[in-house]
Amino acid sequence: LSGVESRAEAIAALCARYGVRTLRLLGSATNDSFNPETSDFDFLVSFFEFLIAEDFVAHHKRKYGGQL
C-alpha cells in the first residue's frame, strides 16, 4: 500500500474536489501479489449524488470556478 499511502493527502484532495463519497482500493494492491513495476491501482469509487453529469459540472464550477 505504500504507493497509495505516500499519496494519501493528494488522493484525499482529489476526492474532496470531485465529490467522492467513498474510495476503495481493490486487486493486487491490497495483497502481496502487487508488483510496483507491472501492477496498477484499481479503485471502486462512489460519488455524492449527482443525478446527471451537468449537475456535477455546475457544482464543480460553483465551488472551484473555471474548467474541470
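Helix 3 spans residues 53-64, and its 12 residues reach 16 Å from the first C-alpha to the last, close to the 16 Å expected at 1.5 Å a residue (the expected span being 1.5 Å times one less than the number of residues). G65 follows helix 3 and has a positive phi, near 70°. The model is predicted: local features need pLDDT of at least 70 and side-chain atom pairs count only at pLDDT 80 or more, while totals for chains, interfaces and linings use all residues. Residues are numbered from 1 along each chain as its sequence is written, and side-chain values use heavy atoms, with hydrogens and water left out.

**Architecture and confidence**

- The protein chain contains 3 helices and 2 strands, in the order α-α-β-β-α from the N terminus on; helices (H or I, at least four residues) and strands (E, at least two) are DSSP runs, numbered from the N terminus.
- The mean pLDDT of the protein chain is 83, and 88% of the residues score at least 70, where pLDDT is the predictor's confidence in each residue, from 0 to 100.
- Confidence in the protein chain is highest in strand 1 (residues 20-26), at 92, and lowest in helix 1 (residues 2-5), at a mean of 75.
- Where pLDDT is low, the predicted coordinates should not be read in detail.

**Surface and contacts of the chain**

- Of the 68 residues in the protein chain, 10% are buried; buried means under 20% relative accessible area, exposed over 50%, and partly exposed in between (1.4 Å probe, protein chains only).
- The protein chain has an accessible surface of about 5400 Å², and carbon and sulfur atoms hold 55% of that area; the areas come from the Shrake-Rupley method with a 1.4 Å probe, and for residues only the protein chains shown count as cover.
- Among contacts in the protein chain with a separation of 6 or more, 42% join residues 24 or more positions apart, a contact being heavy atoms within 4.5 Å.

**Helix 3 and R17**

- Y64 lies in helix 3 and is partly exposed, at a relative accessible area of 35%.
- Leaving aside neighbours within four places in sequence, Y64 is in contact with A16 and R17.
- Y64 and R17 are 47 residues apart in sequence, and their C-alpha atoms are 8.2 Å apart in space.
- The charged end of R17 sits over the ring of Y64, 5.5 Å from the ring centre; this term requires NZ of Lys or CZ of Arg within 6 Å of the ring centre and within 35 degrees of the ring normal.

- G19 lies in the loop between helix 2 (8-17) and strand 1 and counts as buried because its relative accessibility is 8%.
- Not counting residues up to four places away in sequence, G19 touches F47 and F48.
- G19 and H59, 40 residues apart in sequence, have C-alpha atoms 9.3 Å apart.
- R21 belongs to strand 1 and is partly exposed, with a relative accessible area of 46%.
- Along the chain R21 and V45 are 24 residues apart, and 7.6 Å separates their C-alpha atoms.
- G27 is in the loop between strand 1 and strand 2 (42-47), and its relative accessible area of 37% makes it partly exposed.
- G27 and D40 are 13 residues apart in sequence and 8.9 Å apart in space, C-alpha to C-alpha.

**Aromatic rings**

- The whole structure holds 2 aromatic pairs, where rings of Phe, Tyr and Trp (its six-membered ring) pair if their centres lie within 6.5 Å.
- One aromatic cluster is formed by F34, F41 and F43.

Conventions: Rings of Phe, Tyr and Trp (its six-membered ring) pair if their centres lie within 6.5 Å; planes under 30 degrees apart count as stacked, over 60 as edge-to-face and the rest as tilted.
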